Each structure stands twice: as C-alpha cells, then as structure tokens.
Amino acid sequence: MFPLIPKALHGGKQAEDQPLDFSVNSNPLGPNPVLLQAWKAADLTEYPEPTYLHTRTVLAHWHQVRPEQVVLGVGASELMYRICFALLRPGDEVLSVGAPFGEFARAVELCRGKLQVTDRLNPQLKPVKLLYLSNPHNPTGHFWEDLQPLLDQAEHVLLDEAYLPFLGIHPTALPERVIRLQSPGKVHGVVGMRLAYALCSEPIAQQLSNLQSAWHLPASLDVALRSLPVAQDFVQQTLPVVQKAAAQLAVALKVQPQGLPFMLFPAPETPRLNAFLLERGIRVRDCASYGFPDHIRVSTQLEKDAFLLQGLRDFYGLQHF
C-alpha cells in the first residue's frame, strides 16, 4: 500500500481566479492555432488505436529515434510517476541536481525512495539509482550542456526538458540510460492539453508502457501530439517576441536574462509581498518549495509586465529598482 502524501504545491490558477497570472511559465502568445485545430478535429466517436503507433512513429521520426523509444503521457507529471514506479524500489537512492519539480519528489516518496538534492555532483560517491535534472532548471534557469557528469553519477538519468524549446533546442541524441521527458504545451501556450512524451531506451519504454492502461490517451490528445512537428512555425514566430519581453523584464528587475520566459527574483518579505500583490489581482510563484524562500518566480506576460513592475515598486519603493 502506498503512503498517503500531501499533494505538491504549484503555481497557476487557484480556487480564486486571478486575472494577471505571472506564476505560469507558458508562452503568453498562445495557444498555438495549429494544435487547437488538431485537438478539435479528433474523431471522438471511436476509441484511439491502443498502441498509438502512428503518433509514436511521427514523433520518433522527428527526434531521430525508433517508435519503440517513444512513450506517450497525459502531462509530464503522469510520466514522472510511471518512471518512478518502474525504476525505484523502497530504499533506492535518488539524486536531484537543484530543487526538483514537486510531482517528481512526491513520486519518489510514494515509492519510498531516498531523495537528496544537490547543486554539485560528487564523482567519488557511489552512483544512485536515478538522477533527476530539470534542464533548463526551474526556477533558476541554469542549463547543463555537458551530460557526461550526470551519466557517471547514476544508473538512470531523467532529464525534464519542459523548457528546452524556449532555448531553440530540439533533442535528438539519446545517450544510453537517459530518459528525456518532453512537455511541449508550455512553449505552445496550451498547458491545459497536457501534451507529454518520453524518449528513452526500448527496455525502459517497455516498462513504462506496461504501467499504462488501454486507451490511456484521449483521441484529442493523441492527434495534438501527432501534430507537433507541423506546428513549429508558431514557435519560430513567437519565441523572439517572448525572449525580448523576458529580457526587458529581467533588466527591469535587475536579474540576468537567460533566454527563458521566467526568472528568479530576490524578494525580501516574500509572504507579505505575495499577499500585497494578490490584493491587486497579481499572482506570482512563491519559491519556498524550491528551496528559495526569499525569492519569487515570474514569467513575462508581455505588455502586462508593467502591472507587475508597478506592484513591486509600490511594495518596495522606487529605490529598489
């Protein structure tokens, strides 16, 4: 029996709807109309083909892997749970480079694994069962280009590449023992679609497929995933706009631009600041759960960024900027 563990905390829409949400790291120019059309065009009168071979083949060709190396999911969180259930046994050691995504940490705990968080790898330590890395990292934005130190540190490496498309990088190479987790809904501005898939070795893919039920993807999600390769014009057209707006917001906040839509901002008196901004209808992401209790994470909302900046000025005073 699995232990009862509280749900992970997240940003985004809450019970009380806030009109200005800077807590979600999604493309503010979304939704991608190509994916919307694909979603609406799905045949809902029939069950999807249970192996989803057509979609896996399309994505495999796009990433230059075999269809047997593609595993589809309903959101990255669902795949994280399956990955942990497939690979971990009670007592297995798990390492996260930087603060992990809350759902991954919860999945490890459900499996009774032992999760450690580190900012520096120690090659002298015995390799762990599973190493997790958000790459680029959420919320710091740090990007690891050299994966070899990770491979030396663990039996399996899980790369959460949710924000990789914002850097204009399309993953193709697949080192042995690496699982590349993709959740492209963020860059396409359609996080509610729950687009997700994993690229991995065939043995791991077989284990992950073994943990899914028949017809685990709705037909609309299946068609939307299949349409990703032909939906990239939207990304090419919107990324320069988003990157420019994010860089301008970073400069205004006096933090280093990193080519991503979000940024980590030092925010003294964070709880009081959050309450102050919420009263003005502005939501930001408290980063205490990531190990940064005196910081907030914000993501550009283009012309609406002025409201966030004004709220911060009113709270901290003009001298802070």
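This is a predicted model: local features need pLDDT of at least 70, side-chain atom pairs count only at pLDDT 80 or more; totals for chains, interfaces and linings use all residues.
Residues are numbered from 1 along each chain as its sequence is written, and side-chain values use heavy atoms, with hydrogens and water left out.

I begin with the whole protein. Its secondary structure comprises eleven helices and twelve strands; these are DSSP runs numbered from the N terminus, helices being H or I of at least four residues and strands E of at least two. The C-alpha atoms occupy a box of roughly 55 × 50 × 40 Å along the principal axes. Of the 321 residues, 52% are buried, meaning under 20% relative accessible area with a 1.4 Å probe and protein chains only. Among contacts (heavy atoms within 4.5 Å) with a separation of 6 or more, 71% join residues 24 or more positions apart.

Next, the annotation. An unreviewed UniProt entry assigns "domain: Aminotransferase class I/classII large" to residues 20–300; such annotations may be inferred rather than shown by experiment, and positions follow the numbering used here, with feature names shortened. Over residues 20–300 the chain is 35% helix and 20% strand, with the end C-alpha atoms 11 Å apart.

Leaving aside residues up to four places away in sequence, Asn27 touches Phe166, Lys186, Val187, His188, Gly189, Phe234, Thr238 and Val242.

Methods
Buried means under 20% relative accessible area, exposed over 50%, partly exposed in between (1.4 Å probe, protein chains only).
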